Amino acid sequence: MPGAIEVRINEVGDILYLRFLRAKIATCREFGDWRNLDYDGEGRLIGVELIGLPRGVSLLGLPEADRIRDALIAHGPPELRVEGYEVFHPLNEPAPTA
């Protein structure tokens with residue numbers, strides 16, 4: 001079930017989800033507290049969740065780190081910063097109320 005690569009960032013810019021495939025998640029592997037990879041029943045990478053973007057999240061040590069990095073560079077929003085294998089996104093502050 002291939003589809004277009006999609007990058008979503010939550011409203012405050014703290015969590016990013018990079019989706020490679022539209023498929024049912026069979027397993028989730030955690031790589032520390034800040035990095036999770038979702039796989040389908042055939043072991044294909046469905047998506048990547050990165051948590052804590054304002055302080056930076058490393059892709060080093062992740063399976064398919066080069067593929068993930070390249071997808072973020074090609075499909076991430078303009079405010080997403082990829083420096084080597086570190087990924088950053090500025091924290092969006094709520095708009096002031098009058």
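Q: Which residues touch the most other members of the largest nonpolar core?
A: This is a predicted model, and in it the residues that touch the most other members of the largest nonpolar core are Leu18, Leu50, Ile68 and Leu72, out of 21 residues in that core. Strand S2 (15-21), S4, S5 and helix H1 (65-75) each contribute at least two residues to this core. In general, nonpolar side chains tend to be buried together in soluble globular proteins.

Q: Why is Ile68 called buried?
A: The word applies to a residue with under 20% relative accessible area, and Ile68 has a relative accessible area of 0%, so Ile68 is buried. Ile68 is placed in helix H1, and, with residues up to four places away in sequence not counted, Ile68 touches Leu18, Phe20, Leu37, Leu45, Val48, Leu59, Leu62 and Pro63. The C-alpha atoms of Ile68 and Val48 are separated by 8.0 Å, although the two residues are 20 apart along the chain.

Q: What is Leu72 in contact with, leaving aside neighbours within four places in sequence?
A: Contact requires heavy atoms within 4.5 Å, and Leu72 is in contact with Val7, Leu16, Leu18, Leu50, Leu59, Leu80, Val82 and Val87.

Q: How do you know that Asp40 counts as buried?
A: Its relative accessibility is 6%, and the cut-off is under 20%, so Asp40 counts as buried. Asp40 lies in the loop between strand S4 (35-39) and strand S5 (45-51), where, not counting residues up to four places away in sequence, Asp40 touches Leu21, Ala23, Lys24, Ala26 and Ile46.

Q: What makes the approach of the Asp40 side chain to the backbone nitrogen of Glu42 a polar contact?
A: The limit for such a pair of N or O atoms is within 3.5 Å, and the backbone nitrogen of Glu42 lies 2.9 Å from a polar atom of the Asp40 side chain, so the pair meets the distance limit. The Asp40 side chain also reaches the backbone nitrogen of Gly43, at 3.0 Å, and Gly43 takes a positive phi near 85° in the hairpin of S4 and S5, which has five residues between the strands.

Q: How do you know that S4 is mostly covered?
A: Five of the five residues of S4 are buried, with Arg35, Leu37 and Tyr39 on one side and Asn36 and Asp38 on the other.

Q: Why are S4 and S5 said to pair?
A: Pairing needs at least two bridges, and five bridges join S4 to S5, so these antiparallel strands pair. Among the residues involved, Leu37 has Val48 in S5 as its bridge partner. Strand S3 (residues 27-30) also runs antiparallel to S4 and is joined to S4 by four bridges, and there Cys28 has Asp38 as its partner.

Q: What makes S6 and S7 edge strands?
A: Strand S6 (57-58) and strand S7 (81-83) each pair on one side only, in an open sheet of three strands with the order S6-S8-S7 and antiparallel pairing.

How values were computed. Residues are numbered from 1 along each chain as its sequence is written. This is a predicted model: local features need pLDDT of at least 70, side-chain atom pairs count only at pLDDT 80 or more; totals for chains, interfaces and linings use all residues. Side-chain values use heavy atoms; hydrogens and water are left out. Buried means under 20% relative accessible area, exposed over 50%, partly exposed in between (1.4 Å probe, protein chains only). A polar contact is a pair of N or O atoms within 3.5 Å; within protein, one must be able to donate a hydrogen and the other to accept it, and residues adjacent in sequence count only if both atoms are side-chain atoms. A nonpolar core is a set of buried Ala, Val, Leu, Ile, Met, Phe, Trp, Tyr and Cys residues joined through side-chain atoms within 4.5 Å.
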